[in-house]
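Hello,

Here is the structure I promised to pass on. Have a look at it first, and my notes follow below.

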Amino acid sequence: MQQDFQYDVLIIGSGAAGLSLGLQLATTKKVAVISKDELNAGSSAWAQGGIAAVLDQQDRIDNHIQDTLIAGANLGNPEAIQFTVKQAKASVDWLIEQRVPFTQDRHDASGYHLTQEGGHSHRRIIHAADWTGLAVTNTLLERATEAPNLHLLCHQVAVDLITHAKLGMPGNRCLGAYVLNQKTGHVNTFKAQCVILATGGASKVYLYTSNPDGSSGDGIAMAWRAGCRVANMEFNQFHPTCLYHTQAKSFLISEAIRGEGGKLILANGEPFMQRFDERLELAPRDIVARAIDHEMKRLGDDCVYLDISHRGREFIQSHFPTIYQRCMDLGIDIATDPIPVVPAAHYTCGGIITNQDGMTDIEGLYAVGETAFTGLHGANRLASNSLLECFVYGHAAARHIETNWTEAALSSVIPPWDESQVKDSDEDVIISHNWDELRRFMWDYVGIVRTDKRLTRAQHRVEMLLSEINEFYSNYRISGDLIELRNLALVASIIIHSAQQRKESRGLHYTLDYPHTLPVARNTILTPSNFDWH
């Protein structure tokens, strides 16, 4: 049986952004947080590094602002950067109040161990060993289960947003969402005064990624179909160091390893970063990823290596216990041997355009975290600014919702989802084939280094895929896999069109046809009404 649910606030996504916002609102509002998998399965729980904040007496707010601007190739919005950096300490203090077990250091004035990562001029990364994301997520989930007005629902896949425009009504307020219950197979209606997209990024559009399977661009695709603008989707950050091993699916080797002296070397032991940047291993991620990609292609090698063995076993085990154990399980002793690494798609720097309060173009619809475009990251995200953005904008959106709360009359004429279609017997194999084809041509043609010819090839391929997927979607019963594939193909098309519009190389977008950076930095903004994709 299909069901109707009604909440004050519906949060789609149970990562750092969604949970922090939900905890802020649950004191006065009836809030639902839905996750398409287990509640801690998103990218937030996979974050190893930490949270960037000015906590050291030798550091300054202006330093963090400047580092963020430089890493973002001068495309970041100075107002957004200043707002985020100034709110950073308050966000960290709130997390400490929630009892997040950050690594302590009695020798530091802050009381916590602060590390340094690529692009940062000072030690300012507060962390919980090398599993910060999991520590934060688990702590927030504990607090969420204690909140009486916060309803946590897993295995719920958002299908599409419900808006006035989609119902043929005047205006375009968001009224809720259609949600597939993966346990029952039914699509239910969730009505809400406010809907928040906290669905993460779209790195699963690439063949090699450090992200979990759920990073399929769902929020971006749903917002696009509802009429929201998106920005800077050509900037996909490739983390330079993902573990290269046949049994190590999407395992990240934290940037903090390079922050603590790890050296990138070739198979023969030769260092190479000195040929690319004077900051060596601490150069921003886009530079390091391109350097590794260049060396792999030049030599025909499958990977390069990251060596931290000179720091000694005791230091490595205390600072990087998760990485140490994972590598040891795979037969790699990082206290004596270098780690094989390759670049992998890691973070979506663009997203749904929002203002400083997390508001999108549609009334009642907010976006926070990786799915949103706030202007913070510019053309390349500075390490450990991502979790920070989740808390700063999660809290900002919560404040705005509380301050501007009005009881809007939700439409009682929202039709139920049409479940009359049947599942096609070929669905699973078609989805699997299309999913694999999409991720392979995105990796080959829209990856770390691009050309106009490659982008044109990718555009033709994605248009054929979109047509096939949409025909399938329209005629057969939906599944979680089909919803993700539909969203991923749409986001791939947005990425390709965004990349085609940028006639320069800047930050994460590097093209052989336009190797120089233009003197004026401009955002790439796409508007749904200008395109006919679905």
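**What I found**

Gln325 counts as partly exposed because its relative accessibility is 39% (buried is under 20% relative accessible area, exposed over 50%, partly exposed in between, with a 1.4 Å probe and protein chains only). Gln325 sits in helix H9, residues 321–329 (helices are DSSP runs of H or I with at least four residues, strands are E runs of at least two, numbered from the N terminus).

Please bear in mind that this is a predicted model, where local features need pLDDT of at least 70 and side-chain atom pairs count only at pLDDT 80 or more, while totals for chains, interfaces and linings use all residues. Residues are numbered from 1 along each chain as its sequence is written, and side-chain values use heavy atoms, without hydrogens and water.

Now to the strands. S1 (residues 4–12) and S2 pair in the parallel sense over 4 bridges (pairing takes at least two DSSP bridges between two strands), and Val9 has Val31 as its bridge partner in S2. S2 also pairs in the parallel sense with strand S6 (residues 150–153), over 4 bridges; there the partner of Val31 is Leu150. Within S2 (residues 31–34), Val31 and Val33 point one way and Ala32 and Ile34 the other, and all are buried.

The largest nonpolar core has 74 residues, and Ile12, Leu161 and Met442 have the most contacts inside it (a core is a set of buried Ala, Val, Leu, Ile, Met, Phe, Trp, Tyr and Cys residues joined through side-chain atoms within 4.5 Å). Helix H13 (residues 480–501) gives the most to this core, 12 residues.

Best wishes
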